[in-house]
Amino acid sequence: MALKSSNKTDTNTYELEVTVTPEVFTEACKSAYMKQRKSIQIPGFRKGKATQGMIEKVYGEGAFFEDALEIVYPEAVTEAIKEADLRTVDQPYDLEVPVMSKAEGVEMKFKVTVYPEVKLGDYKGLKAEKLPTEATDEDVEAELKNVQDRNSRLVTVEDRAAEMGDTAEIDFEGFVDGVAFEGGKGENYPLELGSGSFIPGFEEQVAGHKVDEEFDVNVTFPEEYAEELAGKDATFKCVIHEIKTKELPELDDEFAKDVSEFDTLDEYKADLKKQLDEKKAEDSRIDLENKLIEQVVDNMECDVPECMFENRVNEMLQDYGYRLQMQGIDLNTYLQYMGQDMEQFKETFREGAESQVRASIALEAIVDAEKIEVTDEEIEAEIEKLAKQYQMEADQIKAAVPADQLSADVKTRKALDIVVESAITE
C-alpha cells in the first residue's frame, strides 16, 4: 500500500489517492473467500466445499472484491493519512475506486477533514472583571434559609384556601376544544404551587381554591411544547383533596445540632460562611477563566470544520443519555416526556459544543505557541487528583485514561494558567 498523492481541495479538506498492490489485494480476496466459503453453495458442490476458483468462475472474478476492499481499506487509509502527515478530525468520505482487480490491485481516492489552522491573537494581558470571592452576610442568611426550608415539614391546612408555596393534592383532567387529550389526567397529584413544574399560569389559578372545591384552570400550551398541543388553549377540570403548608423549624442551637456537627447556631453559621467563601472563590475563578477564554477565541482566526461541532454535540448527547440511564431512564422515553424529537434535543447542546470546541482549539494553539511541556511529576499529580475526584485507585485512572490524554489535559491547564496569570483583573 502506498500514498500516490495528497492534495488540498478546500479549507480543512484534503483528497488522498492510495494504491494497494495486486499481491496484497489478491491475498485479501483469499481472506474474504475463507470467511464466506461455508455459506456459499454452487451446483455440483456441497455447501462450503467449492474452491475460490470455482466460485469466481461462476460469479465472476469480482465475487470477493467488495469484501476484500473492506479488508484492505482501514490499513490503507491509516497508512496514507500517516504518510501525508495529516491530523484528521472525522472519518474519510467521498470514496472512489476507479481501479480494482487482481492484476492491477486497487486505486482509491477519498477526502478527509483535517484539524484547522489557527492564527492566535492576543492571549496575554487581557482584561476582565473578577467576581467577589467572599460570601456576604446576606449569602449566609440565604443559605441558612435554604437549609431551614429543606428541613421543613408539611402540615395539613383545613381553614383556608390554597396559597402560593403550599402543596395542593389535586385531581385534574385537561381538554382541548372539549376533548380530553392523552397524558392530561392525574389523580391525587401533589403540586407545589410556585414550583413552576406545570404549564405557565396553571399553579397560580389553583391558588385561592379550597378543599373539595371543583374549578377550571385555563391555560395556553407553550409554542415549544409537544407538536400536537403546542400553542393550543386548554381547560383543566380540577378538584383539591388536601392542602399542606410548610412548617419551618426554629433557627436556634437545637436546629444547628440537628443539621450539622456543631453545637451552636453561631458555629454552624461560621462553617457555612467558610463553605460559601470556598464556593465563591471557585465560581469566581471559573467565571474569570471563561471570560478570558472567550476573549482568546474572539481574538484568534480559525475556520473550524462543522464536523468538529457535530462530533462534540454527539459526545454530549451520549453522555447525557448515559447519565439518564444511570437513573433508570431511557433517552427516547425522556424525549417523549419532554415533547421533543432527537434533532430538537441535539440543538440544545449546539451552543455549548461550539464554545467548547473553539476553546479547546485556542488552548491547544497556546500550548504550541508557548512550547509547553509536562513532567512525569505533573502527570502523577494529575492522576492523584483524578483518583481523589472519582474515588478510584491511581492504577484504575491510568488504565481508564490514555497517557497522551493525561498529558494533553495538563498542557491545556498550564496554557489556561498563562492566560489567567497574565490577565489584568478589575
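Me: How much space lies in the largest pocket?
Reply: About 1,300 Å³ of space lies in the largest pocket of this predicted model. A pocket is found on a 1 Å grid over the protein atoms alone: it is an open set of points with protein on both sides within 12 Å along at least five of seven lines, where a 1.4 Å probe fits. Grid points are joined across faces, edges and corners, and the volume is the space filled by probe spheres set on the points.

Me: Which residues lie nearest the centre of the largest pocket?
Reply: Ser360, Gln405, Ala408, Asp409 and Thr412 lie nearest the centre, out of 38 residues in the lining. A lining residue has an atom within 4 Å of a point. The elements that each give two or more residues to this lining are α7 (265-299), α8 (306-326), α11 (350-370), α12 (376-390) and α14 (403-421). Helices (H or I, at least four residues) and strands (E, at least two) are DSSP runs, numbered from the N terminus.

Me: Which element gives the largest share of that lining?
Reply: Helix α11 does, with 10 residues.

Me: And what is the lining of the largest pocket like by class?
Reply: It has 16 charged, 14 nonpolar and eight polar residues. Here Asp, Glu, Lys and Arg count as charged, Ala, Val, Leu, Ile, Met, Phe, Trp, Tyr, Cys and Pro as nonpolar, and the others, Gly among them, as polar.

Me: What is the volume of the second largest pocket?
Reply: The second largest pocket has a volume of about 880 Å³. Its lining is made of 24 residues, and Gly183, Ile199, Phe221, Tyr225 and Tyr337 lie nearest the centre. Two or more lining residues come from each of β8 (179-192) and α9 (331-338), and β8 gives the largest share, five residues. By class, this lining divides into 14 nonpolar, seven polar and three charged residues.

Me: Staying with α9, which of its residues are buried?
Reply: Leu331, Tyr334 and Leu335 are buried in α9. Buried means under 20% relative accessible area, exposed means over 50%, and partly exposed lies in between (1.4 Å probe, protein chains only).

Me: Why do they line one face of the helix?
Reply: Seen down the axis of α9, the buried residues fall within an arc of 100°, so they line one face. The arc is that of the directions from the helix axis to the C-beta atoms. In general, an α-helix has 3.6 residues a turn, so residues three or four places apart point the same way.

Me: What is on the face turned away, and what covers the buried residues?
Reply: The face of α9 turned away from the buried side carries the exposed residues Gln336 and Tyr337. The cover over the buried residues of α9 includes α8 and α10 (342-347).

Me: Back to β8, then. How many bridges join β7 to it?
Reply: Eight bridges join β7 (residues 167-176) to β8, and the two strands run antiparallel. Two strands pair if DSSP finds at least two bridges between them. Val176 has Val179 as its bridge partner in β8, and Phe175 stands opposite Ala180. The hairpin of β7 and β8 has two residues between the strands, and Asp177 takes a positive phi near 55° there.

Me: Which other strand pairs with β7?
Reply: Strand β10 (residues 233-247) pairs with β7 in the antiparallel sense over nine bridges. Glu169 has Glu242 as its bridge partner in β10.

Me: New topic: where is Glu129?
Reply: Glu129 is in the loop between β5 (127-128) and α4 (137-150). The C-alpha atoms of Glu129 and Glu426 are separated by 4.7 Å, although these residues are 297 residues apart along the chain. Leaving out residues up to four places away in sequence, Glu129 touches Asp287, Leu288, Lys291 and Glu426. Contact means heavy atoms within 4.5 Å.

Me: Is Glu289 buried or exposed?
Reply: Glu289 counts as buried, at 9% relative accessibility. Glu289 is in helix α7, and it touches Arg413, Leu416 and Val420, again not counting residues up to four places away in sequence.

Me: Lastly, how should I read these numbers?
Reply: Residues are numbered from 1 along each chain as its sequence is written, and side-chain values use heavy atoms, with hydrogens and water left out. The model is predicted, and local features need pLDDT of at least 70, side-chain atom pairs count only at pLDDT 80 or more, and totals for chains, interfaces and linings use all residues.
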